[in-house]
Amino acid sequence: MLIKLIEVEQQDRLEEMLAAPAAQEDRVLYVTGQPDFAKALIERALPCIFLEREPADIFGADMIIMEDQSREWDWRSDRAFLESIWKRHYHLPWTIAETERLLIRETIPEDLPALLEIYAQETGNKDVKLFSKEPEEELLAYISKRYGLYGYGLWTVAEKSSEDVIGRIGFEECSNEKVCGDNMIPELQYMIRREARKKGYAYEAAAAILEYVRQQYGFEKAVLRTSAENTASCNLAEKLGFRRISGTDNAERVFLEVQLK
């Protein structure tokens, strides 16, 4: 079902919308270029796109689009873009990618029990950063801050046939100055439940995410970090097209990179 846009540019139209606001099931996004109207919609917690014609202090809009940008980009016809804004407003997980066997989507709080089981399998694995002593609080903060501010991060991998959560995959910013310097370069990270390994799931998910990064963000390359003795991870990376970065190997860590353009 498509997202419906409702333009709000007149006072009587605003009053009409506030008197009978759309519900979540209506799949509506309000659009206005009037700062006071945007503030009124935001106060009512209604999904709002603010079309900025001149500088204005608008906080809390689901999206702010510059009018010049609007002329160059037909965002009103971009179904995926509009649905992503609507979903973000109602805290619904974005679908990041689908493969023949897997669904990769934003993590939701209900994933936590399965994720804790998966992370428990990796105790002692220096390639995996485990949850803190407050995993629920940590996950909720990650979902709200990472997804909300950046739009990307680590996502849940679910098996389509069973809907079971079998791992996490995604990317964050590379923090190694020697490898990435001051550049924003995505670092691919992935983890698959042990019972689901040796089925090609890691390759299937990682290939889909690299394609997503290539299409959505325009990065020139991505990097991957793994333990030198983790031959399975190194082999998978090389199968995906990653090659070792000269001069970055040491006794514990291997850095690899793949060109996306």
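## Disulfide

In this predicted model, Cys-174 and Cys-180 are joined by a disulfide, with their sulfur atoms 2.3 Å apart. The torsion about the S-S bond of Cys-174 and Cys-180 is about 95°, and the disulfide is therefore right-handed. A search of the whole structure returns 1 disulfide.

Both partners are classed as buried on the basis of relative accessibility, for which the cut-off is under 20%. Cys-174 has a relative accessibility of 8% and so counts as buried. Cys-180 is likewise buried, because its relative accessible area is 2%.

Cys-234 takes part in no disulfide. The nearest cysteine sulfur to that of Cys-234 belongs to Cys-174 and lies 16 Å away, whereas a disulfide requires the two sulfur atoms to be within 2.5 Å. Cys-234 counts as buried because its relative accessibility is 3%.

Another cysteine, Cys-48, is buried, with a relative accessible area of 0%. Strand β3 spans residues 48-52, and the next section turns to the sheet.

## Parallel sheet

An open sheet is formed by 4 strands, arranged in the order β1-β2-β3-β4, and the pairing is parallel. From one strand to the next, the twist averages 25°.

In general, the strands of a sheet pair through backbone hydrogen bonds, in either a parallel or an antiparallel manner. Here, strand β3 (residues 48-52) is joined to β4 by 4 bridges, and these two strands run parallel. Within this pairing, Phe-50 has Ile-64 in β4 as its bridge partner.

## Lys-87 in helix α4

Helix α4 comprises residues 79-89, and Lys-87 is found in this helix. Is Lys-87 buried or exposed? Its relative accessibility is 17%, and Lys-87 therefore counts as buried, since the cut-off for that class is under 20%.

Which residues does Lys-87 touch, when those up to four places away in sequence are not counted? The contacts of Lys-87 are with Leu-92, Pro-93, Trp-94 and Thr-95.

Note on methods:
Residues are numbered from 1 along each chain as its sequence is written. This is a predicted model: local features need pLDDT of at least 70, side-chain atom pairs count only at pLDDT 80 or more; totals for chains, interfaces and linings use all residues. Side-chain values use heavy atoms; hydrogens and water are left out. Buried means under 20% relative accessible area, exposed over 50%, partly exposed in between (1.4 Å probe, protein chains only). Contact means heavy atoms within 4.5 Å. Two strands pair if DSSP finds at least two bridges between them. Axes are lines fitted to C-alpha atoms, for helices over the stretch in contact, and angles run from 0 to 180 degrees between N-to-C directions.
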